[in-house]
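Student: Hi, I'm new to this one. Could you walk me through it?

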Amino acid sequence: MLDALTVTVSVAALALAAWCGYAAFRDQPTKDWHFIGMAVVSVLALAQLVIGIVLLARGEKPDEGAVIFVSYLIGAFAAVPAAGFLSLGERTRWGSVTVSAGAVVLAVLEVRLHDIWGA
């Protein structure tokens, strides 16, 4: 797996978590700018998903198995969009907290993906 992409996704996710956490601290719901940030992080996670599947198709194997690796890739891709959809239903500060938590989950999943690949 590409270490640079994993670090980039993790840093972007943690930046999104801090940004939305600050909005929650200021008692603000998620706004359009937050959704743009979620889109950027989601595109990075999508790129990682595609690259991971291409690496598997080329014959490279993760240390802990392909099924668990793909499961974590899909979970990482879905974490931020799922939190974003939940925040649409909660138009208070708790919507921002939800996105912040989803972004932290993505960062943790990135660490686990790195471990699963065996880099």
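Tutor: A residue is called buried when its relative accessible area is under 20%, exposed when that is over 50%, and partly exposed in between. Keep in mind that this is a predicted model.

Student: Okay. Are Phe69 and Trp117 buried or exposed?
Tutor: Both Phe69 and Trp117 are buried.

Student: How many aromatic pairs are there?
Tutor: The count comes to one aromatic pair. Phe69 and Trp117 form it, with 5.0 Å centre to centre and 45° between the planes, and the pair is tilted.

Student: What about Leu2 and Trp117, how far apart are they in space?
Tutor: From C-alpha to C-alpha, Leu2 and Trp117 are 9.8 Å apart, though 115 residues separate them in sequence. Leu2 lies in the segment before helix H1.

Student: New topic: H2. Does its length agree or disagree with what you'd expect?
Tutor: It agrees: at 1.5 Å a residue, the 26 residues of H2 should span 38 Å, and the end C-alpha atoms are 37 Å apart.

Student: Which residues of H2 are buried?
Tutor: Among them are His34, Gly37, Met38, Val41, Ser42 and Ala45. The cover over the buried residues of H2 includes H1, helix H3 and helix H4.

Student: Let's pick Ser42. Why is Ser42 called buried?
Tutor: Because its relative accessible area is 13%, and the cut-off for buried is under 20%.

Student: And what is Ser42 in contact with?
Tutor: Leaving aside neighbours within four places in sequence, Ser42 is in contact with Phe77, Val80 and Pro81.

Student: What about the surface? Which residues form the nonpolar patch?
Tutor: Trp19, Trp33, Ile36 and Val40 form it, with about 460 Å² of accessible area together. H2 gives the most to this patch, with three residues.

Student: Is Ile36 buried or partly exposed?
Tutor: Ile36, which is in helix H2, is partly exposed, with a relative accessible area of 46%.

Student: Last one: what comes just after H2?
Tutor: Just after H2, Gly59 takes a positive phi of about 105°.

Key
Residues numbered from 1 in each chain as written. Predicted model: local features only at pLDDT ≥ 70, side-chain atom pairs only at ≥ 80, totals over all residues. Heavy atoms only, no water. Buried < 20%, exposed > 50% of the residue type's maximum accessible area, 1.4 Å probe, protein only. Contact = heavy atoms within 4.5 Å. Helix = DSSP H or I, 4+ residues; strand = E, 2+ residues; numbered from the N terminus. Patch = residues over 30% accessible without salt bridge, like charges linked within 9 Å, V, L, I, M, F, W, Y side chains within 5 Å. Areas by Shrake-Rupley, 256 points an atom, 1.4 Å probe, with all protein chains shown as cover. Salt bridge = Lys/Arg side-chain N within 4 Å of Asp/Glu carboxyl O. Expected span 1.5 Å × (residues − 1). Phe/Tyr/Trp six-rings, centres within 6.5 Å; stacked < 30°, edge-to-face > 60°.
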